[in-house]
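Please have the sequence and the structure open while I talk.

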Amino acid sequence: MAAFSDIPQIQFEGPDSDNPLAFRYYNPDEMIEGKSMKDHLRFSVVYWHTFRANGSDPFGAPTLNRPWEDGTDSVENAQNRVRVAFEFMEKLQAPFYAFHDRDIAPEGDSMAESHDNLDKIADVLEEEQKRTGIKLLWGTANMFSNPRFMHGAATSCNADVFAFAAGQVKKAMEVTLRLGGENYVFWGGREGYMNLYNTDMKREMDHLGQFLNMAVAYADEIGFKGTFLIEPKPKEPTKHQYDSDAAACINFLRAYGLMDRFKLNIETNHATLAGHTMMHELDYAGAQDCLGSIDANTGDLLLGWDTDQFPTDIYLTTQCMMAILKHGGLGDGGVNFDAKVRRESIDPIDLFHAHIGGMDAFARGLKIAAAIRAEGGLQQFVDERYSSWDTGIGAQIESGKHDFNSLSTYMLDKGEADPNTSGRQEMLENHINRFI
Ligand code: XUL
Ligand code: CO
């Protein structure tokens with residue numbers, strides 16, 4: 001029996017609709033800057049929060065009503081869940097999804113049994129992908145839940161754990177390839193430390209670099225051509241995650257010779273935990289040609305942990321889309337809702353409200369960012385602000401024609417520098433508000 005038979009196909013009805021089960025802004029075929037909204041945003045549903053969260057938290061038991069679950073950790077239940085997930089994504093018009101190996105299939109008593117379980121679920125995923133046309137944005141391996149990973153996976157103090165992690169990622173990459181996944185993600189899990197007294201940081205980072213190079217070599221061996229993505233996060237579960245922010249990740253990728261195969265998957269709640277805005281992380285990654293994909297969510301600025309809420313703030317989505325459009329779009333990445341409904345939002349229909357809200361918020365952000373760009377005033381201001389670099393001494397410096405000697409001579413002759421033009425921050429903030 002269908003799990004969502006009482007829920008209609010979600011359709012675009014326009015901003016005046018009062019139907020809570022309709023899009024007011026996400027109109028998949030509408031063209032923006034020469035590309036459809038669907039192709040700009042490439043929305044993706046995450047399997048872990050949407051189909052595995054049960055509402056439990058450190059203080060209390062599960063709360064969420066999920067009538068399709070039979071309460072077991074069997075392969076049959078997991079296969080049935082795949083059918084439910086695809087029914088949901090079809091009704092939502094979500095073109096992509098993302099998973100961890102362990103949230104689609106139960107972990108077995110041995111690595112061999114886990115691999116076998118994964119294959120049995122991949123059979124159904126493949127069938128459902130063919131039936132619906134929904135595609136896999138990325139796969140990844142959960143190397144943080146099982147107690148074997150208590151000290152980390154690739155950065156564990158125990159070499160057998162490194163070997164286990166290698167075997168697990170090998171299999172997860174094979175399944176991602178089989179399902180046509182466009183990317184493969186490494187989020188740091190427990191790759192970090194709780195205390196430096198017991199940690200050989202240099203050795204752990206070298207191991208991680210070696211592990212990721214092994215992943216690249218294996219991709220070449222099996223013909224996986226997708227992009228590898230690192231997902232920065234500064235803390236939680238460890239006190240310090242090695243992939244702490246975009247700048248740290250890019251430095252790591254350069255240091256270990258991984259820049260040509262890796263980009264970043266930037267997540268809003270991780271950015272704010274790192275003390276950055278999402279716009280900062282996107283602009284930094286874009287500036288280094290490393291913007292791969294985003295995990296779209298939001299934190300609660302009054303709480304110090306990863307609350308993974310659905311994004312509904314139009315300023316946030318506008319800033320995201322300004323940075324994404326500026327850097328040429330998400331390419332093979334997408335807007336992946338790494339977000340979960342609150343523990344008190346107990347009904348299956350809440351999954352629809354949550355995703356519709358996130359999709360509409362991003363659609364609005366896209367339209368607003370495109371309007372700001374089309375009007376052109378903001379860019380004109382920035383161009384003007386840097387115009388001293390376009391001709392004369394600025395252009396000469398940028399093209400490498402100067403050194404400290406020549407610049408010193410130039411300034412001794414000129415006498416003083418005159419940067420006295422206003423930054424006009426308040427005017428520009430008002431300018432953005434005109435479009436919101
Ligand atoms: C954890 C997180 C992960 C990754 C995938 O904070 O964001 O779910 O997105 O491992
Ligand atoms: Co994430």
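Searching the whole structure gives 26 aromatic pairs, where rings of Phe, Tyr and Trp (its six-membered ring) pair if their centres lie within 6.5 Å, and where planes under 30 degrees apart count as stacked, over 60 as edge-to-face and the rest as tilted. This is a predicted model, in which local features need pLDDT of at least 70 and side-chain atom pairs count only at pLDDT 80 or more, whereas totals for chains, interfaces and linings use all residues. Residues are numbered from 1 along each chain as its sequence is written, chains are lettered from A and ligands numbered from 1 in the order in which they are written, and side-chain values use heavy atoms, with hydrogens and water left out.

Take F4 and F88: their ring centres are 5.7 Å apart and their planes stand at 55 degrees, so this pair is tilted. Because F4 lies in the segment before β1 (11-12) and F88 in helix α3 (residues 75-92), the pair ties together parts 84 residues apart in sequence; helices here are DSSP runs of H or I, at least four residues, and strands are runs of E, at least two, numbered from the N terminus. F88, at 0% relative accessibility, counts as buried, that is, under 20% relative accessible area with a 1.4 Å probe, protein chains only.

F88 also pairs with F51, with centres 5.6 Å apart and planes at 80 degrees, so that pair is edge-to-face. F51 lies in helix α2 (residues 47-52), so here the parts tied together are 37 residues apart in sequence.

Elsewhere, F162, Y184, F186, F211, F224, F228 and F262 form one aromatic cluster.

Terms used
Buried < 20%, exposed > 50% of the residue type's maximum accessible area, 1.4 Å probe, protein only.
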